[in-house]
Amino acid sequence: MSPRRIAPEGVTGIVDRARATLFGVAVGDALGATTEFMTPAGIRDRYGVLREIVGGGWLKLSPGQVTDDTEMTLCVARGIVCSRRWDPGPIADRFAHWLSGNPADVGATCRRGIEEYIEKGRIEAPPDEKGAGNGAAMRVAPVALYTLGDEGLLSRLAVEQARITHNHPLSDAACETVGTMIQRGLLGAPPRDLMAAEEELVARHPEFRSEGYDGNSSAYVVDTLRTVFDALFSTDTFEECVVKTVNRGGDADTTGSIAGAIAGARYGVASIPQRWLQALAPDLREELSALAEELVRKSPLFAGSSPR
Ligand code: MN
Ligand code: MN
């Protein structure tokens, strides 16, 4: 329980930015899926600068269709909301159900972790030196909403959700940092407080430093976060941040999702281009909106100060 009280306009603002966080995951995914695995030069030749949700890409998606990044985020959000208290089990159950439906795309580390959960009930993957992919960081946003007001709790639960499939110090640290940036954005912190989260990460793992970014946008979580940080700290709108991110190509739907989540928390729903929100399926939009509000209303920041 937090002793803090939130003014009503503060509540409205935080709920709005929480919605924008989950919308950001989905629009970043839908936009970036078009350029996933492309090179920047290939994107330029084909699209100039990609700023419209047009579908296609290697998965041949319809415009507005989302992929594993959004689907796994939904599993995390639904798993949290359905439980009376924190429990990774319902999240893993939803991952298992999702995998059984043969999704269009699943990362190799995610698949292995979920299969081990199904076969052995193992809720925590064993340490894996190849486990530094971005598949845990891409789905951490709901945990940031749910633990708003307590960065220590965020760190613990972000790692617990990550370990269902990924057990690597760089993945763990990335999940904590993405979650921290989302939380600071939700609370209306200035950009320097988000940059401070990068500095805190770099102090532990210098390879994440985004200064001198080399343009590599791969599924290695270090490349992923450097791509996101570079775009986040060199732009000042939601649209420019996500556009810059996905036009790097590489793992563009995942970098787009993470950039979208942080930028959504920072800038709010009104900053997300209407044409992008309209491209999403209405039932997806409605569910993301409802889940975002439920998650922050369960958070330590709200639990003590807001009617349930
Ligand atoms: Mn994807
Ligand atoms: Mn991806």
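Is Trp-58 buried, partly exposed or exposed? Trp-58 counts as partly exposed, at 41% relative accessibility. The model behind this value is predicted.

**An aromatic pair**

Searching the whole structure gives 4 aromatic pairs. One of them joins Phe-37 and Trp-58: the ring centres are 5.3 Å apart and the planes stand at 55°, so the pair is tilted. The cut-off for edge-to-face is over 60 degrees. Phe-37 sits in the loop between α1 and α2 (40-47). Trp-58 sits in the loop between α2 and α3 (68-81). The pair therefore ties together parts that are 21 residues apart in sequence. Phe-37 is exposed, at a relative accessible area of 54%.

| Helices | Angle | Axis distance | Handedness |
|---|---|---|---|
| α1 (residues 8-32) and α14 (residues 282-297) | about 135° | 8 Å | right-handed |
| α3 and α4 (residues 88-100) | roughly 140° | within 7 Å | right-handed |

Angles over 145 degrees would count as roughly antiparallel. α1 and α14 are therefore oblique to each other. On the α1 side, the contact includes Val-11, Ile-14, Val-15 and Leu-22. Arg-19 of α1 also takes part. Among the α14 partners are Leu-284, Leu-288, Leu-291 and Leu-295, along with Arg-285, Glu-293 and Arg-297. By class, the α1 contact with α14 has 13 nonpolar, 1 polar and 4 charged residues.

α3 and α4 are likewise oblique to each other. From α3, the contact is made by Asp-68, Glu-71, Met-72, Cys-75, Val-76, Arg-78, Gly-79 and Ile-80. From α4 come Pro-90, Ile-91, Arg-94, Phe-95 and Trp-98. The residues of this contact divide into 8 nonpolar, 1 polar and 4 charged.

Where is Asp-150 found? Asp-150 lies in the loop between α6 (141-146) and α7 (151-163). Asp-150 is partly exposed, with a relative accessible area of 31%. Leaving out residues up to four places away in sequence, Asp-150 touches Gln-183 and Pro-300. Asp-150 and Gln-183 are 33 residues apart in sequence. Their C-alpha atoms are 9.1 Å apart in space.

Conventions:
Residues are numbered from 1 along each chain as its sequence is written. Chains are lettered from A and ligands numbered from 1 in the order in which they are written. This is a predicted model: local features need pLDDT of at least 70, side-chain atom pairs count only at pLDDT 80 or more; totals for chains, interfaces and linings use all residues. Side-chain values use heavy atoms; hydrogens and water are left out. Axes are lines fitted to C-alpha atoms, for helices over the stretch in contact, and angles run from 0 to 180 degrees between N-to-C directions. Helices (H or I, at least four residues) and strands (E, at least two) are DSSP runs, numbered from the N terminus. Angles under 35 degrees count as roughly parallel, over 145 as roughly antiparallel, 65 to 115 as roughly perpendicular and the rest as oblique. A crossing is left-handed if the near helix is turned anticlockwise from the far one by less than a right angle, and right-handed if clockwise. Contact means heavy atoms within 4.5 Å. Ala, Val, Leu, Ile, Met, Phe, Trp, Tyr, Cys and Pro count as nonpolar, Asp, Glu, Lys and Arg as charged, and the others, Gly among them, as polar. Rings of Phe, Tyr and Trp (its six-membered ring) pair if their centres lie within 6.5 Å; planes under 30 degrees apart count as stacked, over 60 as edge-to-face and the rest as tilted. Buried means under 20% relative accessible area, exposed over 50%, partly exposed in between (1.4 Å probe, protein chains only).
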